[in-house]
Amino acid sequence: MTFFKLGDDIADTRAPDVPIEQRWDKRRFDAKLVNPANRRRHSVIIVGTGLAGGAAGATLAEQGYHVIQFCYQDSPRRAHSIAAQGGINAAKNYRNDGDSVYRLFYDTVKGGDFRARESNVYRLAQTSTQIIDQCVAQGVPFAREYSGLLDTRSFGGVQVARTFYARGQTGQQLLIGAYQALSRQIDAGNVEMHERTEMLDLIVVDGRARGIVARDLVTGQISTYLADAVVLATGGYGNVFYLSTNAKNSNASAIWRAHRRGAYFANPCYTQIHPTCIPRSGEYQSKLTLMSESLRNDGRIWVPKKAGDTRSPDQIPEEERDYYLERIYPGFGNLVPRDIASRAAKNQCDLGRGVGPGGLGVYLDFADAIRRLGEDKVREKYGNLFEMYDRITGEDPYKVPMRIYPAVHYTMGGLWVDYDLQSTIPGCFVVGEANFSDHGANRLGASALMQGLADGYFVLPPMLGNYIASSKFDKVTEAHPDVVETVNEATGRLTKLLSINGERTVDSFHRELGEIMWDECGMARSEDGLRKALGRLPELREEFWRSVKVPGTGSQVNQSLERANRVSDFLELGELMCVDALHREESCGGHFRVESQTPDGEARRDDERFAYAGAWEFGGTGEQPILHKEPLNFDYVHLAQRNYA
Amino acid sequence: MKLTLRIWRQAGPADSGRMVAYEVPDANPDMSFLELLDVLNERLTLEGDDPVTFDHDCREGICGACGVVINGQAHGPRERTTTCQLHMREFSDGDVIDVEPWRSVAFGVVKDLMVDRSGLDRIIRAGGYVSVNTGSAPEAHATPVPKPIADTAFDNATCIGCGACVAACPNGSAMLFTSAKVTHLNSLPQGAPERSERVLNLVEAMDAEGFGGCTNTGECTNACPKGIPLDSIATLNREYLRASLGRK
Ligand SMILES: Cc1cc2nc3c(=O)[nH]c(=O)nc-3n(C[C@H](O)[C@H](O)[C@H](O)COP(=O)(O)OP(=O)(O)OC[C@H]3O[C@@H](n4cnc5c(N)ncnc54)[C@H](O)[C@@H]3O)c2cc1C
Ligand code: SF4
Ligand code: FES
């Protein structure tokens, strides 16, 4: 049985056909400009205040547009970007260690396992240097050396030190920078900020995005907001798995509703599973916490050689331990890329050698590092992470090895956008983790922050200007039939959720969905498993709409209703992820199909058949989606199998 | 563990609110405090009761969304810890735990444990930024910043805007929060041109929002999950004095 229909190929028609290093200049030069005096008359809706949305809102407002902005938290400063720890890449080459725009471009295309669009990645690398300048000027306190100059480190399997950081709180500091810039524009009256307001649907009039329907999460009031263009900056959808490192309320609703209204969803099955997270401790577990990957620089990963060994780690002698990454990948050892490290941990646990509750964990041991460097030095480097681990688990990693396990962390897939960051709905732009653009099948460490800020500060503004300058905007009012219909649908959906009054909580559905996704569409995917999931998910969706219990009313704060609405979208998205994973009969980056591996168990790409981005068109609820392929060309970085042995 | 939670229930700003006791017979020492509330909420939902409303998002101690008063202490008994990072192993079997929202004149209760902290955002809007438009920044290495200054700026920039300092202060003052922003930006060369305007505007906004005055009780810094020190308040006072004299 097939689960989809094949549509026409799709292509990005916006990147100019000139050498790659000239494309962005040329595109900006060709773009139409909006007369500064006229900008005030154009309004732009931005949903989201993370790095991508916050940067975009501040910049467009500075340029003179009227910005109407939304976030579901009580303050724009709390967007999920705040939680990023490690750092942000930029090709500054301050270390003179051979870095360049071209090398960052090359590393990102290769790291993405040749499933990203070269034009976009090159532009990202080009823009990276300006981001650091902008952030420093805003007062972002990056780590500095005694000279007073910026410090950098190497991160995530690359050989140059191009990662700028602010202790273990880089995302926080960058977001506060963007938030402050946005605050300045709110104060100046250029941004109309709506906190605690959740987008429920996208308003499309005459084929173009013209507004959103949103619910005030305090009063329950459902309102329409109309504008000339809509920017979605709503983050990733890792919470489809229930347990992930994402913030508890991160969700896919904004992009999923846009998808239902016509925006193609690209590569939904590309998810990144981060190898170093704290394992779950029990049924009540509500989210997973990441331990920065920098720990792998000094920690050694091992499991007992004997399956089912329940001795405490200090009782297991050296010769009965398997430092499996060092054994299998002698070249990179504990520093292999994320997807490889994650899968290796799963394989060990599948062999029964996992440690901790349920055998779902491996040791990350610092005993050698402490012997070699001394406890003080280790404390200096990792003190805050060790403390965080201790706080959560009650165990002291200076004495007992940490237990870690992979967890869902990031979604490379997202709404399909062209080089201008415009989705297949004209006037609907998508930035940050919400789009699919720059990371292919696997994202390198410290590149999401770079992409979010590149999109928001530098790429979106001129392209949005071009769209506004090239379009005519008829006045749309709330009485327009398309607007009325969208409001009615959004309201009807909430009314329905409240009226079911069944016997299962929203979380119980979300957990079940998460388990199915983790088992069948997680670290390793098989045809059998995916078909099984695709049998079960529609049933679960129907059961949800029959027996979910959402207490309270719609005219008050109702967190159960908010969750129910989000989970209803996750249920549909989960299905599309499985269809995408099933159709892609190759392994690439974060997508590992057990049928497509080399004799020694490494991922095997199939460039003949799958060197494309898969952009899915919505076919109707419970109907088959339509696949549009965007062929990917590698004119600069030549196709090659990754090899980390 | 078997616990009794006495939780503040308030349907909305107009309701007067009351403490309601709930038994949680199956708490686990490895649960976070918010997971305990999740477990309770699952049960309340199935029993047809209204689940307890509380703010939260990252559950990693960094977004600043969570925060309740636990047995009279903002964010509970453990030092330098947000509510989401507090684990039940800090409590004992049989404990009775009081759970209340932040209480302060400037923070109205929205529902149950959720409060309105938008006053803190308005303080930042009054000048807690450097006025630099996108694209106009000089090369990052044009201005070296001595490491000790960069470190002070960073320490103050770690404030998560949770409002525990306000909740802990007998006067409901937002001095610690405001001083963290003033110290962060005013110590850096990038923040210098707007140094005077910034401190004056932030303090004016703080007063306008109805936050109380500072009488140096130090409760704020004890409650602060990020350890923002009282020194920052001294810095704010110094900056304020300097700016007021300069303005005359
Ligand atoms: C624990 C962790 C650590 C990380 N560390 C790093 C790192 O070191 N380096 C790196 O490069 N990347 C890192 N990442 C990834 C990176 O943080 C994210 O990809 C990035 O911050 C996403 O930014 P964003 O602006 O796209 O979205 P987000 O920051 O997720 O913002 C989404 C915004 O959309 C709003 N929103 C969502 N839905 C709606 C709706 N329906 N209505 C209204 N508003 C809505 C939210 O309120 C929020 O304001 C990390 C991620 C995690 C989880
Ligand atoms: S100063 Fe401390 S307690 Fe106050 S808002 Fe900031 S982090 Fe919270
Ligand atoms: S939920 Fe983010 S700090 Fe507690």
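Which polar backbone atom is 2.9 Å from an oxygen atom of ligand 1? The atom belongs to A:Ala448. The model considered here is predicted, with local features requiring pLDDT of at least 70, side-chain atom pairs counted only at pLDDT 80 or more, and totals for chains, interfaces and linings using all residues. Residues are numbered from 1 along each chain as its sequence is written, chains are lettered from A and ligands numbered from 1 in the order in which they are written, and side-chain values use heavy atoms, with hydrogens and water left out.

A polar side-chain atom of A:Gln73 lies 2.5 Å from an oxygen atom of ligand 1. For A:Ser81, an N or O atom of the side chain is 2.5 Å from an oxygen atom of the ligand.

Chain A itself is divided into domain 1 (5–270 + 412–469), domain 2 (274–408) and domain 3 (484–611), with bounds that come from an automatic or database domain assignment. Eleven residues of domain 2 of chain A and nine residues of domain 3 of chain A take part in the contact between these domains (heavy atoms within 4.5 Å). The C-alpha centres of domain 2 and domain 3 of chain A lie 30 Å apart. Between them about 810 Å² is buried, 59% of it given by carbon and sulfur atoms; buried area is the accessible area (1.4 Å probe) that two parts lose on being put together, summed over both. On the side of domain 2 of chain A, A:Asp339, A:Arg343 and A:Lys346 supply 51% of the area buried against domain 3 of chain A, more than any other three residues.

The count of salt bridges between domain 2 and domain 3 of chain A is zero, where a salt bridge is a side-chain nitrogen of Lys or Arg within 4 Å of a carboxyl oxygen of Asp or Glu. One residue pair, both at pLDDT 80 or more, is in polar contact between domain 2 and domain 3 of chain A. Such a contact is a pair of N or O atoms within 3.5 Å; within protein, one must be able to donate a hydrogen and the other to accept it, and residues adjacent in sequence count only if both atoms are side-chain atoms.

The interface of chain B and chain A is the next subject. Its contact takes 76 residues from chain B and 77 residues from chain A. The two chains bury about 6400 Å² between them, with 50% of it on carbon and sulfur atoms. Six salt bridges are found across this interface. The side chains of B:Arg117 and A:Asp74 meet in a salt bridge at 3.1 Å, N to O.

Ligand 2 has residues of chain B around it, including B:Cys159, B:Cys162, B:Cys165 and B:Cys224. B:Leu176, B:Phe177, B:Pro225 and B:Ile228 are also among them. The shell around ligand 2 divides into ten nonpolar, two polar and no charged residues. In this scheme Ala, Val, Leu, Ile, Met, Phe, Trp, Tyr, Cys and Pro count as nonpolar, Asp, Glu, Lys and Arg as charged, and the others, Gly among them, as polar.

Methods. Near = heavy atom within 4 Å.
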